[in-house]
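Reader: I am new to this structure and would like to go through its side-chain contacts. Could you take my questions one at a time?

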Amino acid sequence: MRYGAKILFEDVSTSFLSGRRYGLTGPNGCGKSTFMKVLSGELDAQKGNVVRPKRLGILRQDQFAFDAYRVIDTVIMGNRSLWDALAERDLLYEKPDMTDADGMRLGELEGVVSENDGYTAESDAAVLLDGLDIPEALHDRKMSELQGGQKVRVLLAQALFGGPEALLLDEPTNHLDLDSIHWLQNFLGRYNGTMIVISHDRHFLNSVCTHIADIDYQTIITYTGGYDEMVVFKTQIRSRIESENAQREKKIAQLNEFIARFSAGTRSSQVTSRKKEVERLQTSDLARSNIQRPFIRFEMKRPSGRHALEVKNLSKSYGSEAVITNFTASVARGEKIALMGRNGVGKTTLIRALMSGAPDVLEEPFAIDGGTAEWGHEISIGYFGQDHRATIANGITVFDWLLQFDPQASNEELRGLLGQMLFRGEEGLKMTQALSGGEAARLLFCKLMLQKPNVLVFDEPTNHLDLEAINALNIALQKYEGTVLLVSHDHDLIDEFATRIWHFDHGGIQDFKGAYEEYLAVV
């Protein structure tokens, strides 16, 4: 498959075997979703063919396609032949007068329903929905009444319904909280068919996958093991090939030197044999990797005071629903706090409450019901909001947008920062309205690196990042000497950077002083 001059993958021959769970990896823009569409039959390859099983479960990305249907019915639609049989059967039963042909057809349809476990379909669908935190009270509601994150979980249940022979999941952890991600990991770990999943969650890939199919070098190479094992194997193989090529090129240079010295003399037979040796050793050009690694390093212009933040009896409700109740906490300089909990329990609400009183942060007014949040002495805050794309004004180049945050910065410094975040050469002149979600996130990292704040506040920064960028952010946060508050559902990121956990649960916030692993050991 190629788009214009850009080759995504070429002459790929690969098999995905039953009982194996494959992670489909590669940087943003490499063709993962395109390849998944080719596998599902939604898109035709420009060359070659795909053999697929009869029953295929697909996580559908269009959240609005089923708005007119009940939640429970949307799940059952995951088995299309069963759903069609149920719908046709209901129409026949509604007829006032049934013909003999109708009766015969009903018999056939009852056979289809029976073969597909149709008589337990609603209870089977309900079990899936309960596991994905869609309570029974919502099962008979229309899909249009659900929030975005809930819709994604229903569509996930649809893909899993009916025990398909193969599952195609395109970023199933998007919009899921950690509890749901852990449930999904356990569920998929018991799945016996063929599974292919695209994900930018390293812990999820390591937990679920038995193999990794990596899109790189214009092809797809399958490695045994999880994501971390793939990275090790891939690096070793590439290093070995590059080393062998270097040795060959050294040998070729020596042979060419001999040929040049003696080609006109009496040693023609030796020259001929060395020419053949050169042809045999000729190295083939290595296909270039499409992986690009951003480099993130957060620094501080100056440290803050010893007490970074004091929160006293903070409360916030929406109507009759209490989201935060009398929360009190003291944050010391250098603490790294992960804000965790189910979707909709108040993590972003707390971040917005803290930001509304923060120095030099232009955030829309946000009223709290009671309590106070006071930032400490010499505090400077770098903020990455959940709707980060909206904070970048349109109609300006990437370079000029960055320049406005430090007009004294040199062109070299700005270009260097943009280059670290993969805006190289002409990419710095790209208009801001043309940025993808991942590019917008990387541009905000440039801004934070330029400003050098001593407090960083992030609200789900990994949503649009690929694995390379998430790993770079993880390392940067571990090395950063300032204070961090971060909302995330990325298990590895929280596990490796956090020194303190704020766990949200229906109005209450558990304040645990320690790493995530220690927190899991006591809850």
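Reader: Is D73 buried or exposed?
Author: D73 is buried, as its relative accessible area is 13%. Please keep in mind that this is a predicted model.

Reader: Which side chain does D73 meet in a salt bridge?
Author: The partner of D73 is R70, with 3.0 Å from N to O. R70 is partly exposed, at a relative accessible area of 25%.

Reader: What is the N to O distance between R70 and D140?
Author: R70 forms a salt bridge with D140 in which the closest N and O atoms are 2.6 Å apart. This pair links distant parts of the chain, 70 residues apart. R70 belongs to the loop between β4 (56–58) and α2 (71–76), while D140 belongs to the loop between α5 (121–131) and α6 (148–160).

Reader: And D140, buried or exposed?
Author: D140 counts as exposed, because its relative accessibility is 54% and the cut-off for that class is over 50%.

Reader: Which residues are joined by salt bridges that share partners?
Author: One network is made up of R70, D73, E122 and D140.

Reader: How many salt bridges are there?
Author: The count comes to 27 salt bridges.

Reader: Now the rings. How many aromatic pairs are there?
Author: There are 14 aromatic pairs. One of them is formed by F298 and Y480 in an edge-to-face arrangement. Their centres are 6.2 Å apart, with 80 degrees between the planes.

Reader: Where do F298 and Y480 lie?
Author: F298 lies in the loop between α10 (268–281) and β9 (307–318), and Y480 lies in the loop between α15 (467–479) and β15 (483–487). The pair therefore ties together parts that are 182 residues apart in sequence.

Reader: Which residues form a cluster through ring pairs?
Author: Ring pairs link F298, F384, F445, F458 and Y480 into a cluster.

Reader: What sits over the ring of F258?
Author: The charged end of R274 sits there, 3.9 Å from the centre of the F258 ring. In another case, R442 lies over the face of F423, at 5.3 Å from the ring centre.

Reader: A change of topic: how many disulfides does the structure hold?
Author: The structure holds 0 disulfides. C30, for example, is in no disulfide, and the nearest cysteine sulfur, which belongs to C209, is 15 Å away. A disulfide would require the two sulfur atoms to be within 2.5 Å.

Reader: Is C30 buried or exposed?
Author: C30 is buried, with a relative accessible area of 4%. Another cysteine, C446, also counts as buried, at 0% relative accessibility.

Reader: Finally, the backbone. Which residue other than glycine has a positive phi near 75 degrees?
Author: That is L422. L422 is located in the loop between α13 and α14, and L422 is buried, with 13% relative accessible area.

Reader: What about phi of N313?
Author: N313 is not a glycine, yet it has a positive phi of about 50 degrees. N313 is placed in strand β9.

Reader: How accessible is N313?
Author: N313 counts as partly exposed, at 46% relative accessibility.

Conventions: Residues are numbered from 1 along each chain as its sequence is written. Side-chain values use heavy atoms; hydrogens and water are left out. A salt bridge is a side-chain nitrogen of Lys or Arg within 4 Å of a carboxyl oxygen of Asp or Glu. Buried means under 20% relative accessible area, exposed over 50%, partly exposed in between (1.4 Å probe, protein chains only). Helices (H or I, at least four residues) and strands (E, at least two) are DSSP runs, numbered from the N terminus. Rings of Phe, Tyr and Trp (its six-membered ring) pair if their centres lie within 6.5 Å; planes under 30 degrees apart count as stacked, over 60 as edge-to-face and the rest as tilted. A charge sits over a ring if NZ of Lys or CZ of Arg is within 6 Å of the ring centre and within 35 degrees of the ring normal.
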